[in-house]
Amino acid sequence: MTAAHLLGRRIFTQRLVFALPLSLAAVRGRGRTAAASLQDSSSPQPGSAAPGAAGSTVLLVYFSRAGENYYYGDRIDLEVGNTKVVAGMIADLTGCDVYEIEAADPYSDDYDAIVARNVEEQNAGARPAIANPLSSIDAYAIIILGSPIWNVRPPMIMSTFAERFDFTGKTVFPLVSYAVSGMGDTEREYQEACRNATFGEGLAIQGEDVTDAPGDVAAAVESWLRTIGLLDGAPAS
Ligand SMILES: Cc1cc2nc3c(=O)[nH]c(=O)nc-3n(C[C@H](O)[C@H](O)[C@H](O)COP(=O)(O)O)c2cc1C
C-alpha cells in the first residue's frame, strides 16, 4: 500500500471520529480555570506594537469555541477555547493586533450538537455569517489565521472571513489547534479562500497540550514566531 493510500485511510478514519458523536461518557469539571489574556473583540484590538519582519503590521485573526470539546477520545469542558489560549500567547509575545471572529448564529457549547452542525455546514459548503465583520485588512501585511480543526479543516466561518478580502501583497501564516489531524486540509482550504495571498509556515498545536502542557505550547509558539520572523532572535534549537 502506498503512502498516499495510508494517508487517505488515516484521514478517512479521523473524519469518522469527528463526524459521529462520541459514545464515551462526558468528562465534566476538568476545564481550565485560567482565562486567556485576550478580550472578546468586535474590531481589531491594537497591541502595544505589531513588529513584522520588516516593520510591517501584523493582524491575528482567530475563531475559537469554549464549552464541551474532544479530549483524548473523551470530553472536556473548556472555559476558554484552545485556539484562543494560543492566540493570547501570540498577542502577548508580539503585541500584534487581534480580531476574534464571532458567529452571528453562535455555536453551541454542546459537543454533539456542534459536530452535527459542522457536518451540515461542510456538506452544504455553507458560509456562516460573522456577527462582527471586519471592514478591511488593508493596514496589515502579515495575517495569522487561527482556528480549531473541525472535521479535518478549519470551520467554514474561516472561509466566510477569508473570501471577503483580496490578500495581494499579504502573507498568511495558518495556525490551528487540533486533536489528531494536525493541519489537515487547512493549507489547501486557505489557498482557495485567501485570494492572491502568499503563504508562510503554519503552526499546529494539539488541543490537549493547551490544557496539559501549557509550557510546551508556549515554547512551540515562541519558537514558531522566531522562525517566521515575528520575534527577534534565532529560534531556540
Ligand atoms: C465539531 C468539531 C470537529 C472536530 N474535528 C476534528 C478533526 O477532524 N480533527 C482533529 O484533529 N480535531 C478535531 N476536533 C477537535 C478540535 O480541533 C480541538 O479540540 C481544538 O483544539 C479545539 O479548539 P477550540 O477550543 O479553539 O475550538 C473537532 C472538534 C469539534 C468541536
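Modeller: A residue is called buried when its relative accessible area is under 20%, exposed when over 50%, and partly exposed in between, with a 1.4 Å probe and protein chains only. This is a predicted model, in which local features need pLDDT of at least 70 and side-chain atom pairs count only at pLDDT 80 or more, while totals for chains, interfaces and linings use all residues. Residues are numbered from 1 along each chain as its sequence is written, and side-chain values use heavy atoms, with hydrogens and water left out.

Biologist: Why is Lys-84 called buried?

Modeller: Lys-84 has a relative accessible area of 12%, and the limit for buried is under 20%, so Lys-84 counts as buried.

Biologist: What makes the pair of Glu-100 and Lys-84 a salt bridge?

Modeller: A salt bridge is a side-chain nitrogen of Lys or Arg within 4 Å of a carboxyl oxygen of Asp or Glu, and the closest N and O atoms of Glu-100 and Lys-84 are 3.3 Å apart. The pair links distant parts of the chain, with Glu-100 in strand 4 (residues 97-100) and Lys-84 in helix 2 (residues 82-94), 16 residues apart; helices (H or I, at least four residues) and strands (E, at least two) are DSSP runs, numbered from the N terminus. Glu-100 is buried as well, because its relative accessible area is 7%.

Biologist: Why are Arg-75 and Asp-112 put in which classes of accessibility?

Modeller: Arg-75 has 5% relative accessibility and therefore counts as buried, whereas Asp-112, at 29%, counts as partly exposed. Their side chains meet in a salt bridge, at 3.1 Å from N to O, and this pair joins strand 3 (residues 74-78) to helix 3 across 37 residues.

Biologist: How do you know that the span of helix 3 agrees with its number of residues?

Modeller: The expected span of a helix is 1.5 Å times one less than its number of residues. For the 14 residues of helix 3 (residues 111-124) this gives 20 Å, and the end C-alpha atoms are 20 Å apart, so the two agree. Just after helix 3, Gly-125 takes a positive phi of about 60°.

Biologist: What makes Arg-153 and Glu-189 a salt bridge, and why are Arg-153 and Glu-189 called buried?

Modeller: The closest N and O atoms of Arg-153 and Glu-189 are 3.1 Å apart, which lies within 4 Å. Arg-153 is buried because its relative accessible area is 9%, and Glu-189 is buried because its value is 13%. Salt bridges with shared partners join Arg-153, Asp-185, Arg-188 and Glu-189 into one network.
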